[in-house]
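Subject: Structure for you to look at

Hello,

Here is the structure I promised to pass on. Please open it first, then read my notes below.

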Amino acid sequence: MTPTDLGTCALSDALDALGLPGVLPGVRALSGSARVAGRAVTVTLGPAGSAPAGRHLCTAAVDAAGPGDVVVVAHPGGDAAGWGGILSLAAHRRGIEGVVIGGPARDVDEARALGFAVFGTAATPVTARGRIAEIAWNEPIAIGPVLVAPGDLVVGDENGVVVVPATRRTEVLERAAAIVEREAAIAAAVRSGTPVAEAMGASYERMLS
């Protein structure tokens, strides 16, 4: 199974079973494809004035990324957007899988019209100009309790966004596949008429142990 086939719920369960944080708090799908997966290309944002004036935020990451990549943005907080419509257009043209922001994004309607996947905490009309700026890109970042390194696996769907460390990718994906198979067997039993209490049994609660 591919990471998109597994989905964020099974990946979250696998991370739980291995004692790893990975679910980005409050981040949800705002536009685009129902499921995306790719390697993290990271960006760190901060308050305007915290870094020398230069290029607009996220542009270097977009110009460097392409198919198989997901841009992941650490946002300093507040109402200003950490991503907007022109960035969505540029990312879409480069074949980037999607963008994940640990904060708000704007021009969500433009991203939706492109079919480009944007994940964030909220939609907002508030511009970043004069409010937030890029501090660094392609360096390790933190979104809530989750550390994201360049190259980590990022998976997003309608349930949220999960980050899998590149160093644990095989282990997590194997555990998630086993969870999906186990839950598929339970669902098949329910469809065949088995009472759900019997199908799930006491072992379901201990499945991640």
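Predicted model: local features only at pLDDT ≥ 70, side-chain atom pairs only at ≥ 80, totals over all residues.

The protein chain has 6 helices and 12 strands.

Now the overall dimensions. Along the principal axes, the C-alpha atoms fill a box of roughly 60 × 35 × 30 Å. The accessible surface of the protein chain is about 9800 Å². Carbon and sulfur atoms make up 53% of that surface.

Next, the inside. Of the 209 residues, 44% count as buried. Look also at the contacts between residues with a separation of 6 or more: 76% of them join residues 24 or more positions apart.

Then the charges. The chain carries 16 positive side chains and 21 negative ones. The centres of these two sets lie 4 Å apart.

Finally, zoom in on one residue, Ala199. Find it in helix H6, which covers residues 196-200. Is Ala199 buried or exposed? Its relative accessible area is 11%, and buried means under 20%, so Ala199 is buried.

Which residues does Ala199 touch, leaving aside its neighbours within four places in sequence? Ala199 is in contact with Arg182, Ile186, Ala189, Val190 and Thr194. Ala199 and Glu183 are 16 residues apart in sequence. Their C-alpha atoms are 9.9 Å apart in space.

Best wishes

Technical notes: Residues numbered from 1 in each chain as written. Heavy atoms only, no water. Helix = DSSP H or I, 4+ residues; strand = E, 2+ residues; numbered from the N terminus. Buried < 20%, exposed > 50% of the residue type's maximum accessible area, 1.4 Å probe, protein only. Contact = heavy atoms within 4.5 Å. Areas by Shrake-Rupley, 256 points an atom, 1.4 Å probe, with all protein chains shown as cover. Lys, Arg positive; Asp, Glu negative; His and termini not counted. Charge placed at Lys NZ, Arg CZ, Asp CG, Glu CD.
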